Amino acid sequence: MDNQDKAMFKITGAVVAVAIITPIVLWGGWYTVDEGERAVILRNGSNIGVAGPGLHFKIPLIDGVERVSIRSHSIEWTGESAMHTYSRDQQPAVLSLKLVWRIKPDDASVSQVYSQYKDADGIAGAIIMPTAYEKVKTEFGQFNAITAVQERERLNNVIEQGVQSRIKGPVIVESVQLQNIDYSEEYEKAIGDRMVAQVAVERVTQNLKRDKKQAEITIVNAEAAAKEIRLIGDAKAAALKAQGDAIMAAPDIVALKAAEKWDGVLPTTMPPGGTVPFIKIPENSVARPKVNDRPL
């Protein structure tokens, strides 16, 4: 092979190399990250940083990128995977729950999750699920079976706060929802009968309170009526007393009243034993003739 052939061979090899390397550089030298994830940058397998959303560049064949989701994730314990536990009064129960959580979006949390658990599924299986399972059973065990039914909202709040306080680190527990509580058929029937009886007792109590209130109203009305009658009687008695006192103070007022009412006509018939109406005229009210005025 002469020098010209060797030169052509080298040129051809260079062209082939460029043709092979160029796509690798073009396609392997940049990457994008979505809003709901973060990218862990690996240089020869070593974690050198975290990239946020947007377009980024890396060294081809040297740098690698591992994406970690920071979106909300849910874990459900339902059906065959529902939690089997006991209440405070030793009643077996099956709990259906839903837990919503997410990885914190800061670089340190994302880097810790990748380094220790690789991704969201890894930390969910290693930390979140077993911790939440244990905490839910512990909190539920503080409630009697009937109390868990009657105060379900408070129970849910206690469970949620307990799980949130127990699960720390690079994740956030957004919510824990207690979806259902199942007891044995016998116990659920007993609860139903007890609630029916309680409703009946509450109804009777309410009726008694209503009757008591009505009785109180009746008593108040009766007392008011009695007071009114007493006031009227006192007023009449006072009027009669005043009238009597007036008569005692001026006896002639009786005759005056009789004279005012008499029309001056004497009765034409007299019943047996009857008397003629008589009005006593005071002596000082009639003028008497003088002695020297009498005829001789």
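Good morning. This is a predicted model, so local features need pLDDT of at least 70, side-chain atom pairs count only at pLDDT 80 or more, and totals for chains, interfaces and linings use all residues. Residues are numbered from 1 along each chain as its sequence is written, and side-chain values use heavy atoms, with hydrogens and water left out.

Start with strand 1, residues 30-33. Helices (H or I, at least four residues) and strands (E, at least two) are DSSP runs, numbered from the N terminus. Which side chains of strand 1 are buried? Y31 and V33 are, and they point to one face. Buried means under 20% relative accessible area, exposed means over 50%, and partly exposed is in between (1.4 Å probe, protein chains only).

Strand 1 has a partner. That is strand 4, residues 54-57, paired in the antiparallel sense over four bridges. Two strands pair if DSSP finds at least two bridges between them. V33 has G54 as its bridge partner in strand 4.

Now helix 5, residues 152-166. Its buried residues are L155, N156, I159, E160, G162 and V163. Why do they sit on the same side of helix 5? Because they cover an arc of only 165 degrees around the axis, taking directions from the helix axis to the C-beta atoms. On the other side of helix 5, E153 and Q161 are exposed. What covers the buried residues? The cover includes strand 8 (92-103), helix 3 (120-140), helix 4 (145-150) and strand 9 (171-182). Contact here means heavy atoms within 4.5 Å.

Last topic: salt bridges. The rule is a side-chain nitrogen of Lys or Arg within 4 Å of a carboxyl oxygen of Asp or Glu. The count comes to seven. Here are some of them.

R102 and E174 meet at 2.8 Å, N to O. R102 lies in strand 8 and E174 in strand 9, so this pair ties together parts 72 residues apart in sequence. Both ends are partly exposed: R102 at 24%, E174 at 32%.

E134 and R166 meet at 3.0 Å, N to O. This pair links helix 3 to helix 5, and so ties together parts 32 residues apart in sequence.

K135 and E139 form another, with the closest N and O atoms 3.2 Å apart. Both lie in helix 3, four residues apart, about one turn. K135 is buried at 11%, and E139 is buried at 14%.

Thank you.

Technical notes:
The expected span of a helix is 1.5 Å times one less than its number of residues.
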